[in-house]
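Here is a friendly note to read alongside the structure. Please keep the picture open as you go through the points.

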Amino acid sequence: MSEQTWTIESIRDALGNPALAQRFLGEINRAPAHLLLQVFAKWERIAADTVAAVARGRELAASEQRGEQIPGEWVDRTDHVHREAERIRARGAA
């Protein structure tokens, strides 16, 4: 990802989710002056991680759409899930 100059507006927009953006704006607006940079840095990291995750998701979706193998190490946990479900059912859970 290219280096981006973050602003309150760009962080808000990068968060994507209106509820999360509102939470950010609330925190940044209520932060005492001596904590303002700390709160900003926290949300800057969250926004950058969100932008990177969206980009990665789009890359993976494009790979899948082209019929390519999705990169990464994938572990088949189906048997484990079935064993756990059976154990839970044996205890009488729904």
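This is a predicted model: local features need pLDDT of at least 70, side-chain atom pairs count only at pLDDT 80 or more; totals for chains, interfaces and linings use all residues.

1. Helix α2 covers residues 18-30, and its axis lies 8 Å from that of α1, at a packing angle of about 150°. The two helices are therefore roughly antiparallel to each other. Their crossing is right-handed.

2. Which residues of α1 and α2 meet? From α1 come Ile8, Ile11, Arg12 and Leu15, and from α2 come Leu20, Ala21, Phe24, Leu25 and Ile28. Sorted by class, this contact of α1 with α2 holds 8 nonpolar residues, no polar ones and 1 charged residue.

3. Next, turn to α1 and α3. The axes of α1 and α3 are 9 Å apart and the packing angle is about 45°. That angle makes α1 oblique to α3. The crossing of α1 and α3 is left-handed.

4. The contact of α1 with α3 brings Ile8, Ile11, Ala14 and Leu15 of α1 together with Phe40, Trp43, Glu44, Ile46, Ala47, Thr50 and Val51 of α3. By class, the residues of this contact of α1 with α3 are 9 nonpolar, 1 polar and 1 charged.

5. How do α2 and α3 pack? Their axes are 10 Å apart, and the angle is about 165°. This makes α2 roughly antiparallel to α3. The crossing of α2 and α3 is left-handed. On the α2 side the contact is made by Leu20, Arg23, Phe24, Glu27 and Ile28, and on the α3 side by Leu36, Val39, Phe40, Lys42 and Trp43. The contact of α2 with α3 has 7 nonpolar, no polar and 3 charged residues.

6. Two single residues deserve a look. Ser10 sits in helix α1, which runs over residues 8-15. Is Ser10 buried or exposed? With a relative accessibility of 16%, Ser10 counts as buried, because the cut-off for buried is under 20%. Leaving aside residues up to four places away in sequence, Ser10 touches Gln4 and Thr5.

7. The other one is Gly26, which is found in helix α2. Gly26 has a relative accessible area of 13% and is buried. Between Gly26 and Trp43 there are 12 Å in space, C-alpha to C-alpha, and the two are 17 residues apart in sequence.

8. Now for the charged side chains. Side chains of opposite charge can pair when their charged atoms come close. How many salt bridges does the model have? The count comes to 8 salt bridges. One of them joins the side chains of Glu59 and Arg56, at 3.6 Å from N to O. Both Glu59 and Arg56 belong to helix α3 (residues 36-65), where they are 3 residues apart, about one turn of the helix. Glu59 is partly exposed, at 46% relative accessible area, and Arg56 is partly exposed too, at 39%.

9. Glu84 forms a salt bridge with Arg87, their closest N and O atoms lying 2.7 Å apart. Glu84 and Arg87 are about one helical turn apart because 3 residues separate them in helix α4 (residues 78-90). Glu84 counts as partly exposed at 29% relative accessibility, and Arg87 is partly exposed at 40%.

10. Glu86 and Arg89 also meet through their side chains in a salt bridge, at 3.3 Å from N to O. Both are in helix α4, 3 residues apart, about one turn of the helix. Glu86 is partly exposed at 46% relative accessibility, and Arg89 is partly exposed at 48%. Elsewhere, salt bridges with shared partners link Glu9, Arg12 and Asp13 into one network.

Notes. Residues are numbered from 1 along each chain as its sequence is written. Side-chain values use heavy atoms; hydrogens and water are left out. Helices (H or I, at least four residues) and strands (E, at least two) are DSSP runs, numbered from the N terminus. Buried means under 20% relative accessible area, exposed over 50%, partly exposed in between (1.4 Å probe, protein chains only). Contact means heavy atoms within 4.5 Å. A salt bridge is a side-chain nitrogen of Lys or Arg within 4 Å of a carboxyl oxygen of Asp or Glu. Axes are lines fitted to C-alpha atoms, for helices over the stretch in contact, and angles run from 0 to 180 degrees between N-to-C directions. Angles under 35 degrees count as roughly parallel, over 145 as roughly antiparallel, 65 to 115 as roughly perpendicular and the rest as oblique. A crossing is left-handed if the near helix is turned anticlockwise from the far one by less than a right angle, and right-handed if clockwise. Ala, Val, Leu, Ile, Met, Phe, Trp, Tyr, Cys and Pro count as nonpolar, Asp, Glu, Lys and Arg as charged, and the others, Gly among them, as polar.
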